[in-house]
Amino acid sequence: MAETTPALFSPYKMGKFRLSHRVVLAPMTRCRALNTMPNSALAEYYAQRATDGGFLITEGTMISPYSAGFPHVPGIFSKEQVEAWKETVERVHAKGAVIFCQLWHVGRASHPELQLGGVAPISSTDKPISKRWRVLLPDGKYQLYPKPRKLEAYELPELVEQYRQAAINAIEAGFDGIEIHGAHGYLLDQFMKDGINERTDEYGGSLHNRCKFIIQVVQAVASAIGADRVGVRISPAIDHLDAMDSDPLNLGLAVIERLNKLQLDCGSKLAYLHITQPRYTAYGQTESGRHGTADEEAQLLRTWRRAHQGTFICSGGFTRELGIEAVAVGDADLVAYGRLFISNPDLVLRLKLDAPLTKYVRATFYTHDPVIGYTDYPFLKPEAASRF
């Protein structure tokens, strides 16, 4: 009896986009965009990982000169950057793939050396990130995160406008859509999590108030480019960069409830909701137990999955087996892979064949070389592929 192809490798219709499989390139900072400009190295990197009918999400892309959390990350706020992104988009499209640009503002997860004019980074709070974490600076050294400047409520509409304009710019560059990065301790997450947000104004306190900023951003972006071109990433249960919440289950449900309502109001579904598994860590391990047993953590994600009315993407520590299982049991429509995609540009083929995977070299994740640790990882040779 012929083996059945796992659903992870079956077609899927994500709104207007027809995908040939469910393996997604997750957004990952790589620090190769010298002086914020996308270049031919970026184009090669994404083109290598593009497949016919595949779906790629770019690394976090700056919406303003004040939004960087790493050196040499790309921007989408200037005309020059828009033009520079076109090579990447065109090469990915030539392979038949769909590509979204992830819009990114890190908030307090920055440093004056990464800010235009050397100003303090901004946040929902004036509390710095704890000494548990370090920020990477342009000289390659790591330092403690500084004290941020707490935003006034009247400043937030300007930030909403930066997201809206960045989305418009992304479409002008040729991207098929955008992902709003509301996860992993960055600016939008700093407003949502009660472990960070201690505000007493209309953007603090209740769940309703803490979700207000991200929903304003989604509304503005969806109105500008269409809801079906907008994905949203959140991580209610992730404590990266001190982004802790006392009730991650209900935080996630509160965001999802508002996104569902937004979809009804605008008469069109969002492209997707992207949530990071509770087991994810930034350092390559997977850890269970921080939010109960492994089964309880899985149930947390399933609750959000059932609540969301639309395409659901999971990411965070997935192996081939876990990805196949997630789609097979209905825990996800699509599965995003990060670190495995760094060292395996042909990851989709390797996963489908169950072929060996090349190990990644963590030391080159955030270096600036345009080739080493970036575009020099090997593809599976045809004669090797034929053995699987």
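# Helices, burial and loops in a predicted model

Helix α2, residues 79-94, holds 16 residues and spans 23 Å from its first C-alpha to its last, close to the 22 Å expected at 1.5 Å a residue. The expected span is 1.5 Å times one less than the number of residues. Helices are DSSP runs of H or I with at least four residues, strands are runs of E with at least two, and both are numbered from the N terminus. This is a predicted model, in which local features need pLDDT of at least 70 and side-chain atom pairs count only at pLDDT 80 or more, while totals for chains, interfaces and linings use all residues. Residues are numbered from 1 along each chain as its sequence is written, and side-chain values use heavy atoms, with hydrogens and water left out.

**Helix α2**

- A kink of about 25 degrees is centred on K86 in α2; the bend at a residue is the angle between axes fitted to the seven residues ending there and the seven starting there.
- Q81, V82, A84, W85, T88, V89 and V92 of α2 are buried (buried means under 20% relative accessible area, exposed over 50%, and partly exposed in between, with a 1.4 Å probe and protein chains only).
- These buried residues pack against α1 (40-48), β4 (55-62), β5 (98-104) and α3, where contact means heavy atoms within 4.5 Å.
- G96 follows α2 and has a positive phi, near 90 degrees.

- The buried residues are A41, L42, A43, Y45, Y46, A47 and Q48.
- Their packing partners are β3 (23-25), β4, α2 and α9 (339-343).
- P38 sits in the loop between β3 and α1, and counts as buried because its relative accessibility is 6%.
- Leaving aside neighbours within four places in sequence, P38 is in contact with A33, P74, Q81, A84 and W85.
- P38 and W133 are 95 residues apart along the chain, and 28 Å separates their C-alpha atoms.

**Helices α3 and α5**

- α3 (residues 156-172) and α5 (residues 207-225) pack at an angle of about 35 degrees, with axes 9 Å apart.
- The axes are lines fitted to C-alpha atoms, for helices over the stretch in contact, and angles run from 0 to 180 degrees between N-to-C directions.
- On the α3 side, the residues in contact include L156, L159, V160 and Y163; on the α5 side, they include F213, Q216, V217 and A220.
- The residues of this contact divide into 13 nonpolar, one polar and one charged.
- Ala, Val, Leu, Ile, Met, Phe, Trp, Tyr, Cys and Pro count as nonpolar, Asp, Glu, Lys and Arg as charged, and the others, Gly among them, as polar.

**A residue in helix α6**

- A254 lies in helix α6, and counts as buried because its relative accessibility is 6%.
- Not counting residues up to four places away in sequence, A254 touches L207 and C211.

- L241 is a residue other than glycine with a positive phi, near 60 degrees.
- L241 is in the loop between β11 (230-234) and α6 (248-266), and its 3% relative accessibility is why it counts as buried.
- D354, also not a glycine, has a positive phi of about 60 degrees.
- D354 is in the loop between α10 (347-353) and α11 (382-385), and counts as partly exposed because its relative accessibility is 44%.
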